[in-house]
Amino acid sequence: MTGDTRWIEALVDRLRVPPGTKVRLAKDFDTHATPGIASKEQGVELLAEGVELLAEYQARLAAQDTWGVLVVIQAIDAGGKDGTIRHVMSGVNPQGVAVHSFKVPSQEELDHDYLWRYAKRLPARGQIGIFNRSHYEEVLVVRIHPELLDRQKLPPEARDGDVWQQRFREINEWERHLSGNGIRIVKLLLNISKEEQRRRFLQRIDDPKRHWKFSPADVHEREHWDDYQRAFSEMLTHTSTEWAPWHVIPADRKWFARAAAAAAIASALIELDPRFPAVDEETRREMLELRAELEAEGGAKR
């Protein structure tokens, strides 16, 4: 595929959180903005272009077999994670993509360190892995609900000092290790307003086709909205790094969020620039000889 992809980097630059930035999510980011995209029609067109790019680069990624790509998607409840994944990855080969959702940890998972269950689901080289929620839950929901931290069976000394600053450092170092060993990390925060969340919850209640997505617990969790905004702000401030920066995507308008997510993932793949492996001269000669045999076989049958 050829074409002008400058729009991708221009958009991604506006979404990226520069390392070292002190973030105040509610004040610094407009959930209803559509930076760089003038209309829904343009957004739909750019999403289609992004999907096509992802299909091409995924094929190259698999063939080269050097890099894996980990896409981390975080959002508050009803933030649009599932729909974004469905639309953005609609053109890729399913064999090359794995989506993992992390629910309440099992007893086995609680018997290991908090990053263990995420490490088990990392993509292999040539693969794209998507974490629908991720290891960042360990500094978000676990921070909002201390009883979840209690269930992790940490020794007393691990609870001394600032647990969250320690986890920020550990996550940064883990992601640095992954980046240095062939896993490119793309981190996306789908950022919606409290009013937009309310509207989406009402849709789930009113539409029978969406009842399965509704959970009363999600509505009760709105009581902690301000706490989550502070926790997201701390997360962005302390874990947007040179090797794994965050991208904050305004997500009140789903069409924009999907185009922006596609752009962020495509940007990472374009930068990696995976290539189809070239064969050596001996292999090429053998291929030509076999081609001649196959051509002759066809002629003989005629």
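Predicted model: local features only at pLDDT ≥ 70, side-chain atom pairs only at ≥ 80, totals over all residues.
Hi everyone, let's start at strand β5, where Trp246, Val248 and Pro250 point one way while His247 and Ile249 point the other way, and all of them are buried.

Where does β5 sit in its sheet? β5, residues 246–250, is an edge strand, and the other edge strand is β2, residues 97–101; each pairs on one side only. The sheet itself is open, with five strands in the order β2-β3-β1-β4-β5 and parallel pairing. From one strand to the next, the twist averages 20°.

Let's look at both ends of that order. The partner of β5 is β4, residues 183–191, and the two pair in the parallel sense over five bridges. In that pair, Leu190 stands opposite Ile249 of β5. Over at β2, the parallel partner is β3, residues 128–132, again with five bridges. There, His100 stands opposite Phe131 in β3.

Now for the helices. How do α1 and α13 cross? Helix α1, residues 6–15, and helix α13, residues 254–272, have axes that come within 9 Å and cross at roughly 105°. That angle makes α1 roughly perpendicular to α13. On the α1 side, the contact is made by Trp7, Ile8, Glu9, Leu11, Val12 and Leu15, and α13 brings Phe256, Ala260, Ala263, Ala264, Ala266, Ser267 and Ile270. Sorted by type, the residues of this contact are eleven nonpolar, one polar and one charged.

Definitions and conventions: Residues numbered from 1 in each chain as written. Heavy atoms only, no water. Axes fitted to C-alpha atoms, helices over the stretch in contact; angles between N-to-C directions. Helix = DSSP H or I, 4+ residues; strand = E, 2+ residues; numbered from the N terminus. Parallel < 35°, antiparallel > 145°, perpendicular 65-115°, else oblique. Contact = heavy atoms within 4.5 Å. Nonpolar A, V, L, I, M, F, W, Y, C, P; charged D, E, K, R; others polar. Pairing = 2+ DSSP bridges. Buried < 20%, exposed > 50% of the residue type's maximum accessible area, 1.4 Å probe, protein only.
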